Amino acid sequence: YSLVITALIYPIFGHWMWGGGWLFERQFMDFAGSTVVHSTGGWAALVGAFMVGPRLGRYGADGKPRAMLGHSIPMMMLGVFVLWIGWFGFNPGSQLGADFPIVSDVAVTTTLAGAAGGLIAMMVTWLRDKKPDVSMTANGVLAGLVAITAGCVFVYPWASLVIGALAGVIVVFAVAFFDKLRIDDPVGAISVHGVCGAFGTLMVGVFAAPDLVERAALGGSEGLAYGGGFTQLGRQALGVGANMLWVIPTAFVLFAVIKATMGLRVTPEEEQAKFKVPPGFALQLVASEPEIQKPMNLAFDTRGRLWVPHSVEYPFAAADGATPRDGLTVLEDFGPDGRARKATRFADGLNIPIGVLPLPNAAADGRGQEVIVWSIPHIWKLTDTDGDGKADRRFGVLSGFGAEDTHHIIHTFRRGPDAR
């Protein structure tokens, strides 16, 4: 993939614009690559996501997407800021010289668009979901940066704010749109780079200022907002359309060849054992266990066993017939049909062998005598008091948290003698 897209797909389209090709001759304007770079990658990602198919458990039987939380929100945000800093080389650096005030003007429009995109995306998700979404805010920043990349040298700061803000709105609904199509895009790359790259390129045909176009001396004319009519907007649409018509078919051929030779994804067994699986996926594995109606958290251990914690809302009856309580069930020996042939139930969270509970579903202390287990909506501390290697005491540590909170709690645990 990397070889073909960098040696064939991207260079050919890049030559059409930046190499004096037919798009340049028709005065298509894309200063730093909203379409040439970002949309090229975005449309290739669309084809790839379509051909690979969604991750196991990403969509429920009703077609609605299930959340598959990232492993570290702080690290994700750090990555966004690293990209943002890199954009100052990407956009101002596309001037290919320290030409002031052009370079500084480009840095200003770049910054404003990214900030507007992040702020507006946060506000949109806040209004829609009744709380701000950090990951979508990050995508809003990137959407604004991608959208301004084509016109950063052609527009004034006020226009960059408008372009970034609109991109922040578009990316939120574009992500939801592709989810409805069951195209699984884990980080929203199609929406950020493909959709917002195309949008930003079109906006050059609206907001390009005549004096800035003349100063850049790259061809083209003023946009619709400055009385230029639809002339430049039509040129921009031609470039966006040409990019899609070139990238999508060639990417389809590329992925088809990879699929027929090397393959595009791991086996279902490898995916279940090695990759993050969302709550509820056990429904597709454990038809032989009809009592499991809605498992709340899952993890495979190194032996391929599936540990299913379940809360009081979806209980198992205790072995002695007592009132159903929280517990865990270990499923193993999966057959070709995906069903577990063996299920061991640990009602009430007791009689669980210390030290075999798999992270991230549990964290043991350094002595191997205590283990923390979380099963939404509770966290329990299990203790082995008699030294037989099995838990015989349970203490409720925390209650009342929901699925959206677990990834914050998980990161507070440490392995080793100082486990807490």
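Biologist: Let's start with Thr40. Is it buried or exposed?
Modeller: In this predicted model, Thr40 is buried, because its relative accessible area is 2% and the cut-off for buried is under 20%.

Biologist: Where is Thr40 placed?
Modeller: Thr40 sits in helix H3, which covers residues 34-52.

Biologist: Which residues is Thr40 in contact with, leaving aside its neighbours within four places in sequence?
Modeller: Thr40 then touches Ile9, Tyr10, Phe13, Thr35, Asn243 and Val247.

Biologist: Ile9 is on that list. What separates the C-alpha atoms of Thr40 and Ile9?
Modeller: Those two C-alpha atoms are 8.1 Å apart, while Thr40 and Ile9 are 31 residues apart along the chain.

Biologist: Let's switch to helix packing. How do you describe two packed helices?
Modeller: You give the angle between their axes and the distance between the axes.

Biologist: What are those values for H4 and H6?
Modeller: The axes of H4 (residues 73-90) and H6 (residues 134-148) come within 10 Å, and they cross at roughly 10°. That angle makes H4 roughly parallel to H6, because angles under 35 degrees count that way.

Biologist: Which residues meet there?
Modeller: From H4 there are Ile73, Met76, Met77, Val80, Leu83, Trp84 and Trp87. They meet Val134, Ser135, Ala138, Val141, Leu142, Leu145 and Val146 of H6.

Biologist: How many of the residues in the contact of H4 with H6 are nonpolar, polar or charged?
Modeller: The contact has 13 nonpolar residues, 1 polar residue and no charged ones.

Biologist: What about the peptide bond from Phe100 to Pro101, cis or trans?
Modeller: The bond from Phe100 to Pro101 is cis, and its omega is near 10°. Pro101 itself lies in the loop between H4 and helix H5 (102-129).

Biologist: And phi? What is the value for Gln27?
Modeller: Gln27 has a phi near 65°, which is positive in a residue other than glycine. You'll find Gln27 in the loop between helix H2 (22-25) and H3. Gln27 counts as partly exposed, because its relative accessibility is 31%.

Biologist: Why does Ala217 count as exposed?
Modeller: Ala217 counts as exposed because its relative accessibility is 64%, and the cut-off for exposed is over 50%.

Key. Residues are numbered from 1 along each chain as its sequence is written. This is a predicted model: local features need pLDDT of at least 70, side-chain atom pairs count only at pLDDT 80 or more; totals for chains, interfaces and linings use all residues. Side-chain values use heavy atoms; hydrogens and water are left out. Helices (H or I, at least four residues) and strands (E, at least two) are DSSP runs, numbered from the N terminus. Buried means under 20% relative accessible area, exposed over 50%, partly exposed in between (1.4 Å probe, protein chains only). Contact means heavy atoms within 4.5 Å. Axes are lines fitted to C-alpha atoms, for helices over the stretch in contact, and angles run from 0 to 180 degrees between N-to-C directions. Angles under 35 degrees count as roughly parallel, over 145 as roughly antiparallel, 65 to 115 as roughly perpendicular and the rest as oblique. Ala, Val, Leu, Ile, Met, Phe, Trp, Tyr, Cys and Pro count as nonpolar, Asp, Glu, Lys and Arg as charged, and the others, Gly among them, as polar.
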